Amino acid sequence: MANRAQAPSLLVATLLAALLATCHAGGIAVYWGQNDGEASLSDTCASGNYKFVILAFVYKFGKGQTPELDLASHCDPSSGGCTGLSDDIRSCQSSGVKVLLSIGGGDGSYGLSSQGDARDVAAYLWNNYLGGSSSSRPLGDAVLDGIDFDIELGGSKYWDSLARDLKNMGKNKVGGKGVLLSAAPQCPFPDEWDNGAIDTGLFDYVWVQFYNNPPCQVSAGRGAFLAAWKRWQSVPAGQIFLGLPASKDAAGTGFVPADDLNSNVLPLIRGSSKYGGVMLWSKYYDDRAGYSDAIKSHV
């Protein structure tokens, strides 16, 4: 009889534990588009491993330059060869995956010279990739969910203006779905380039690059890593993600073996109020290492 009486209590405890785990359940974001030989966009989303897919990169824009998109050998935007990705994008979105476009990157020609320049870039992004209209949309007529700021050069000015302009364009679109904003700062705090934009409080997601930055990445030790993570938790953004390379080859430093991440790192941060999950660079390396497969049930 005692065992029967305890059974409902055990069930309730199990359900509560599952509910609490769900409250802190995170997702995986992955960058796609910069390497030959990675899975297609539709297959990437169909894997079920990712909550966000970030198309990388619009690497040239601002300062009077004609913006240019580079998706490696996936397609050639200059000849209209990337418009076929519209079907993939819609397929991703229909399965609940958010698809964002990343601007910037570690190698490019970009920057903003004034608030007017920021408005021009915002208008270009809005009309060519988001809820606006243009006769020359590089990815076809699919409407992306937002813009990712991976600013690693080109100065620190006017990114806040660009963020405000993009958000306002989304708000002013009747019947529109708005514009999600994300940023990929380096883990040293505050970020040299993205800080002003993030401080606007307009960013939904911040995936912090805890790699190629030895003083604050996981290998720096528990104290240094958690101090950096805590600082990033203080920014006025919706969710903070732990950005990692998906394999040893994906970055110079900062790779964390999946077992170590699952057992020793994620338990330290999953309870954070703004914890969002893990960002991976990139799909190409994840395909080869199977990293997201190994961590998805722990994120």
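Two elements, β3 (65–69) and α4 (115–129), each contribute at least two residues to the lining of the second largest pocket. This is a predicted model. Of the elements involved, β3 gives the most to that lining, with three residues. By residue class, the lining of the second largest pocket divides into seven nonpolar, one polar and two charged. The volume of the second largest pocket is about 160 Å³.

The largest pocket has a volume of about 230 Å³. Its lining has 16 residues, and those closest to the pocket centre are Phe57, Gly105, Gly106, Asp150 and Trp281. Three strands, β2 (52–62), β4 (98–105) and β10 (275–281), each supply at least two residues of the lining of the largest pocket. The lining of the largest pocket is made up of seven nonpolar, five polar and four charged residues.

The largest nonpolar core has 93 residues, and the members that touch the most other members are Leu55, Leu139, Phe149, Leu162, Leu166 and Trp207. The largest share of this core comes from β2, which provides eight residues. Leu166 shows how one of these members is placed: leaving aside neighbours within four places in sequence, Leu166 is in contact with Ala122, Leu125, Leu130, Ile147, Phe149, Val179 and Leu181. Among these partners is Phe149, itself one of the core members with the most contacts to other members.

What does the chain look like as a whole? Its secondary structure comes to 10 helices and 10 strands. Of its 299 residues, 48% count as buried. Among contacts between residues at least 6 apart in sequence, 73% join residues at least 24 apart. Along the principal axes, the C-alpha atoms fill a box of roughly 75 × 40 × 40 Å.

Two residues can be followed in more detail. Asn35 lies in the loop between β1 (27–32) and α2 (41–46). Beyond residues up to four places away in sequence, Asn35 touches Ala72, His74, Ser282, Tyr284 and Tyr285.

Leu226 is found in a helix, α7 (residues 222–233). With a relative accessibility of 25%, Leu226 counts as partly exposed, a class that runs between the 20% limit for buried and the 50% limit for exposed. Not counting residues up to four places away in sequence, Leu226 touches Leu268 and Ile269. How far is Leu226 from Arg90? The two residues are 136 residues apart along the chain, and their C-alpha atoms are separated by 38 Å.

Definitions and conventions. Residues are numbered from 1 along each chain as its sequence is written. This is a predicted model: local features need pLDDT of at least 70, side-chain atom pairs count only at pLDDT 80 or more; totals for chains, interfaces and linings use all residues. Side-chain values use heavy atoms; hydrogens and water are left out. Helices (H or I, at least four residues) and strands (E, at least two) are DSSP runs, numbered from the N terminus. Buried means under 20% relative accessible area, exposed over 50%, partly exposed in between (1.4 Å probe, protein chains only). Contact means heavy atoms within 4.5 Å. On a 1 Å grid over the protein atoms alone, a cavity is a set of points where a 1.4 Å probe fits but cannot get out, and a pocket is an open set with protein on both sides within 12 Å along at least five of seven lines; lining residues have an atom within 4 Å of a point. Grid points are joined across faces, edges and corners, and a volume is the space filled by probe spheres set on the points. Ala, Val, Leu, Ile, Met, Phe, Trp, Tyr, Cys and Pro count as nonpolar, Asp, Glu, Lys and Arg as charged, and the others, Gly among them, as polar. A nonpolar core is a set of buried Ala, Val, Leu, Ile, Met, Phe, Trp, Tyr and Cys residues joined through side-chain atoms within 4.5 Å.
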